[in-house]
Amino acid sequence: MSEIQKVKCLIIGSGPAGYTAAIYAARADMKPVMYQGMQPGGQLTTTNEVENFPGYPDGVTGPEMMIQLEAQAKRFEADIRFGMITKVDFSGEIHKCWADDGTEIHAETVIISTGASAMYLGLESEQHYLKIGGGVSACAVCDGFFYRGQETVIVGAGDSACEEAHYLSKLCTKVTMLVRRDEFRASKIMTERVKNTPNIEILYNTEAEEVLGDGQGVSGVKARNNKTNEIIEIPCTGFFLAIGHKPNTAIFKDYLNLDEVGYIKYEQPGTTKTNVPGVFVAGDAADKTYRQAITAAGTGCMAALDAERYLASKE
Ligand SMILES: Cc1cc2nc3c(=O)[nH]c(=O)nc-3n(C[C@H](O)[C@H](O)[C@H](O)COP(=O)(O)OP(=O)(O)OC[C@H]3O[C@@H](n4cnc5c(N)ncnc54)[C@H](O)[C@@H]3O)c2cc1C
């Protein structure tokens, strides 16, 4: 039988945004309840080294950092639960949410921190090297540093792909950009920037078919020209994907304003308010620009403060 629980603050998602919101909300005595979702700890649990989060001079592994964030939230008695929120109803003043174990939650405030998932090509070899941390990445800003002075390949043709290729070009000796069609999708200014960067080589009509390596680390990419069927092998130690992200926001689409990709729109810039009073969003679920742990944590803090002010204004 389903059970109804009344909570002041429900946090959906357990990445850096969710845990930071939980720490702030718990310390403000909002007794937050968090549902961790299918990936407790979020995206960082899929990476080894995190070297750019302030406070870790020697770096930290993603899973270790998330264990510490969880412990910090628990220290202030945040109620952290394993499970998914599968349905919401934001039509009334009380926000109704349902968890996958049948629990019905009536929340005065909701903080959405469900993140986004990077898209991959789905090649078996790509997934192998991704899983073992052997040279496949969907984040140049996060991982480019590990390929300093080396050759990399990046797949993508949009603005983000151009930005990431340009970022890599400053660190790597050579960047080969694989563009599936005979033109970019990116804006003219971004396209010109990569075209004018001497160590970026652009291969049009070219698709990656296999990530090559010795099973432990990437040593190249086998690619095919989709016009001529010519197969080439490009030596590289890093294979980057920049073909988009999918925000985990489908369950909110009937109530919240989303952009064309699915990112939740902020109602008021400079805050974490959505179009539904009492519902706030933090982290990558609303961020298609920065997508970093520190920015997610920053907006997690903002969301908890916004939620607390919302509750205070109603008292
Ligand atoms: C391979 C890789 C390496 C990276 N390296 C770095 C790095 O070195 N430095 C850096 O700053 N950033 C890095 N990033 C980016 C960083 O991981 C993200 O910017 C950050 O994790 C976003 O945090 P978030 O809290 O918004 O969401 P996420 O970390 O995406 O977490 C989302 C959470 O929501 C949960 N969830 C989703 N749907 C539901 C639901 N319906 N119900 C309940 N829970 C749900 C998930 O289980 C998950 O816990 C990396 C990303 C990747 C993929």
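Student: Helices (H or I, at least four residues) and strands (E, at least two) are DSSP runs, numbered from the N terminus. With that in hand, where does Asn205 lie?

Tutor: Asn205 is in the loop between strand E13 (200–203) and E14. Before we go on: this is a predicted model, where local features need pLDDT of at least 70, side-chain atom pairs count only at pLDDT 80 or more, and totals for chains, interfaces and linings use all residues. Residues are numbered from 1 along each chain as its sequence is written, and side-chain values use heavy atoms, with hydrogens and water left out.

Student: OK. Is Asn205 buried or exposed?

Tutor: Asn205 counts as buried because its relative accessibility is 14%. Buried means under 20% relative accessible area, exposed over 50%, and partly exposed in between (1.4 Å probe, protein chains only). Asn205 also has a positive phi of about 50°, although it is not a glycine.

Student: And Glu207, which strand is that in?

Tutor: Glu207 belongs to strand E14 (residues 206–213). Glu207 is partly exposed, since its relative accessible area is 28%.

Student: What is Glu207 in contact with, leaving aside neighbours within four places in sequence?

Tutor: Arg180, Lys222, Ala223, Arg224 and Asn226. Contact here means heavy atoms within 4.5 Å.

Student: Lys222, then. What does Lys222 stand opposite?

Tutor: Glu233 in E16. Strand E15 (residues 218–225) and strand E16 (residues 231–235) run antiparallel and are joined by five bridges; two strands pair if DSSP finds at least two bridges between them. E15 and E16 make a hairpin with five residues between them, and Asn229 in the turn has a positive phi of about 65°.

Student: Switching to H1. Why does the length of H1 agree with what it should span?

Tutor: At 1.5 Å a residue, the 12 residues of helix H1 (residues 16–27) should span 16 Å, and the end C-alpha atoms are 17 Å apart, so the two agree. The expected span is 1.5 Å times one less than the number of residues.

Student: How many residues of H1 are buried, and what covers them?

Tutor: 10 of its 12 residues are buried, among them Tyr19, Thr20 and Ile23. The cover includes strand E1 (4–12), helix H2 (62–75), strand E8 (104–112) and helix H7 (293–314). Just after H1, Asp29 takes a positive phi of about 65°.

Student: Now the ligand. How many residues surround the ligand?

Tutor: 33, and the closest are Gln36, Gln39, Gln43, Asp284 and Ala293. A residue is near a molecule or strand if one of its heavy atoms lies within 4 Å of it. H1 and H7 each supply at least two residues of the shell around the ligand.

Student: Which polar atoms lie by the ligand's oxygen and nitrogen atoms?

Tutor: A polar side-chain atom of Ser14 is 2.9 Å from a ligand oxygen atom, and a polar backbone atom of Ile85 is 2.9 Å from a ligand nitrogen atom. The protein covers 96% of the 1,000 Å² of accessible area that the ligand has on its own. Accessible areas come from the Shrake-Rupley method with a 1.4 Å probe; for residues, only the protein chains shown count as cover.

Student: Last one: where is Arg291?

Tutor: Arg291 sits in the loop between strand E19 (279–281) and H7. Arg291 counts as buried because its relative accessibility is 17%, and Arg291 has a positive phi of about 50° although it is not a glycine.

Technical notes
A polar contact is a pair of N or O atoms within 3.5 Å; within protein, one must be able to donate a hydrogen and the other to accept it, and residues adjacent in sequence count only if both atoms are side-chain atoms.
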